[in-house]
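Trainee: Please take me through the features of this model, and tell me how each one is read.

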Amino acid sequence: MSALICGSMAYDTIMVFHDKFKHHILPEKVHMLNVSFLVPAMRREYGGCAGNIAYNLKLLQEEPSIMATVGHDFEPYAHWLSQCGISSRYIKVLDDHYTGQAYITTDVDDNQITAFHPGAMSFSHLNAVPADSGITIGIVSPDGKQGMQEHAQQFVEQGIPFIFDPGQGMPMFDGDELLAFLELANYATFNDYESELMQQRTGLTLEQVAEKVDALIITLGGNGSKVYTRGECIDIPPAKPKQLLDPTGCGDAYRAGLLYGLINDYDWDVTGRIASLLGAIKIEHNGTQNHTFSMAEFKKRYEDTFGSTF
């Protein structure tokens, strides 16, 4: 079974400021802000929601395919995907644009200032969900607005069940547009903040949102997650990370776990726990695609964490 991951591909340039932003940003001067932060530590990571989800799903020995639009600077990322054994068959290179770029500066209090250039991501609608390709499940994750809308419709037209995962793209859509996604999607997933925004913009409660999909998954950070399905709410306990190193990409890892559970037809108790554990493992490592494990190691840790097997 094959999963199609629709979403962003990006380079993450992560810089560390060895002080606190609040020492340099004067509240009475925010209307004329002009600051410069010395960042002696910097690293460049492979990122983007689609890349992160696919990377984690591949660790679980599935065969994800990424559908995304990228720029003329994508060659190093393409080489990385090849090393990881991840298909780039549906990645379209746009020579007149850059791949998405995130520039993230973090201070010693873990506050972040981020600038994001979408680049080629804005043209994601130039891709279309392929027909007759053996794809059995999909996900619409943060991407260009028009692309997200069209890909959701195309999944329906191809008869492919999919997860709606708006993530950071949530602010692009008004209430009616979000409702349109819910009418098309089989599953929907949000973090706690996004679920509040969904309720505000649609006027629906979580229970009403859940009635529109087969399952609604809400992640609650260190408090675990909840799955609303068939009129019930299933509480998923958190998996405790060995160290809290970098939360960036944790949500993408969790969503890869959801896809894995759906592909393998696990019940939601097991699927949610797999997703939770995958997110915890990601938190233990810097960057979004630097962690690794064997399936034997993953299953052993699952058993140690939850006291059961899958």
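Mentor: Start with a strand pair: E9 (residues 162-164) and E10 run parallel and are joined by two bridges. Strands are said to pair if DSSP finds at least two bridges between them. Helices (H or I, at least four residues) and strands (E, at least two) are DSSP runs, numbered from the N terminus.

Trainee: Which residue of E10 is the bridge partner of Phe164?

Mentor: The partner is Ala188. Before going on, note that this is a predicted model, in which local features need pLDDT of at least 70 and side-chain atom pairs count only at pLDDT 80 or more, while totals for chains, interfaces and linings use all residues. Residues are numbered from 1 along each chain as its sequence is written, and side-chain values use heavy atoms, with hydrogens and water left out.

Trainee: How many residues of E10 are buried?

Mentor: Buried means under 20% relative accessible area, exposed over 50%, and partly exposed in between (1.4 Å probe, protein chains only). In E10 (residues 187-191), four of the five residues are buried, leaving the strand mostly covered.

Trainee: What about helix H1: is it mostly covered or mostly open?

Mentor: A general point comes before the case. An α-helix has 3.6 residues a turn, so residues three or four places apart point the same way. H1 (residues 49-59) is mostly covered, with 10 of its 11 residues buried. Among them are Cys49, Asn52, Tyr55, Asn56 and Leu59. Gln61, which follows H1, has a positive phi, near 65°.

Trainee: Where does Ala239 lie, and which residues does Ala239 touch?

Mentor: Ala239 sits in the loop between strand E13 (232-236) and helix H7 (250-263). Its relative accessibility is 9%, so Ala239 counts as buried. Contact means heavy atoms within 4.5 Å. Leaving aside residues up to four places away in sequence, Ala239 touches Ser276, Leu277, Ala280, Thr305 and Phe306. Ile274 is 35 residues from Ala239 along the chain, and their C-alpha atoms are 9.1 Å apart.

Trainee: How many helices and strands does the chain have?

Mentor: The chain has nine helices and 13 strands. Its radius of gyration is 19 Å, close to the 19 Å given by the globule rule for 310 residues, so the chain is as compact as a globular protein of that length. The radius is taken over C-alpha atoms, and the rule is 2.2 Å times the number of residues to the power 0.38. Of the 310 residues, 52% count as buried.
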